[in-house]
Amino acid sequence: MGVRLMVVDDHRLLAEALASALKLRGHRVLAAAAPTSGAAELVVGRAPEVCLFGTAAPAEPGTFDPVVRIRRERPQTAVVVLGPVPSPRGIAAAFAAGAAGYVRHDERIEGVERAMAKARSGEAAIAPQLLQGAFAELLAPAARPDDEGRRLLRLLTPREAEVLVRVAEGEDTRLIAAGMRIAPSTARTHVQRVLMKLGVGSRLEAAALAARTGLLDRAAMLRRGPEPTG
């Protein structure tokens, strides 16, 4: 079954070429447009299932502002970023903005289709090796205290802070439940509350936000407890 999608890239020729290839493979392309700064308006107006968002500079400030707006105003649309690799900071920024996937821009068309299908079904659409590089960047300790991290930490109970750390470490619901000695249903509830309080839609977004704001370091310190003295 084809995907209802739109393709936006800062280079119109690239957007139109990818759109044509996907049309030939049975997908319904609502628009092929440039530049990416106009992506949010198109998505809000046309409501595709997936938006392919191509950028050559994912780490530049403001690149993913349209993705933030799409996530806020049309959350049912999954955004898959097509960008350069290596760019772990760019990958991290994409997911922090609310993207559902990241595909390297030289990926084969079959890989783009797999990413679209995953994103549409609510899965994180990213190759494991790219995710590993992104998280290495995300989890680098903050150099200075961050007011936003402190503010977010105040929203969480100590138990929810521990759940957030475990989520960032890649634990699934079963492992969280076992590690905290609680029922899986209780662990699932804690995870949902963390996502709700942080205002994100997925575990990956929660981990990205926590790392970017310094919340993750603070939550980890809270989990460990105060350092012994003497």
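Biologist: How many salt bridges does the count come to?

Modeller: Eleven. Keep in mind that this is a predicted model.

Biologist: Take Arg 69 and Glu 73. What makes that pair a salt bridge?

Modeller: The closest N and O atoms are 3.0 Å apart. The rule asks for a Lys or Arg side-chain nitrogen within 4 Å of a carboxyl oxygen of Asp or Glu, so the pair qualifies. Arg 69 and Glu 73 are four residues apart in helix H3, residues 65-73, so about one helical turn separates them.

Biologist: And why is Arg 69 called partly exposed?

Modeller: Its relative accessibility is 24%. Partly exposed covers what lies between the buried cut-off, under 20%, and the exposed one, over 50%, so Arg 69 falls in the middle class. Glu 73, at 36%, gets the partly exposed label too.

Biologist: How do you know that Glu 205 and Arg 71 form a salt bridge?

Modeller: Their side chains meet at 3.7 Å, N to O. The limit is 4 Å, so that counts. The pair links distant parts of the chain: Glu 205 sits in helix H11 (residues 203-213), Arg 71 in helix H3, and they are 134 residues apart.

Biologist: Is Glu 205 buried or exposed?

Modeller: Buried, because its relative accessibility is 7% and the label needs a value under 20%.

Biologist: What about Asp 106 and Arg 104: what makes them a salt bridge?

Modeller: There the closest N and O atoms are 2.7 Å apart, and the cut-off is within 4 Å, so the label holds. Arg 104 is partly exposed, at 33% relative accessible area.

Biologist: Which residues do salt bridges with shared partners join into one network?

Modeller: Glu 41, Arg 69, Arg 72 and Glu 73.

Biologist: Let's switch to Ala 34. Where is it found?

Modeller: In the loop between strand S2 (28-33) and helix H2 (39-46).

Biologist: Why is Ala 34 called partly exposed?

Modeller: Its relative accessible area is 23%. Buried would need a value under 20% and exposed one over 50%, so Ala 34 lands in between.

Biologist: Which residues does Ala 34 touch, leaving out those up to four places away in sequence?

Modeller: Asp 9, Asp 10, His 11 and Arg 12. Ala 34 and His 11 are 23 residues apart in sequence, with 6.1 Å between their C-alpha atoms.

Note on methods: Residues numbered from 1 in each chain as written. Predicted model: local features only at pLDDT ≥ 70, side-chain atom pairs only at ≥ 80, totals over all residues. Heavy atoms only, no water. Helix = DSSP H or I, 4+ residues; strand = E, 2+ residues; numbered from the N terminus. Buried < 20%, exposed > 50% of the residue type's maximum accessible area, 1.4 Å probe, protein only. Contact = heavy atoms within 4.5 Å.
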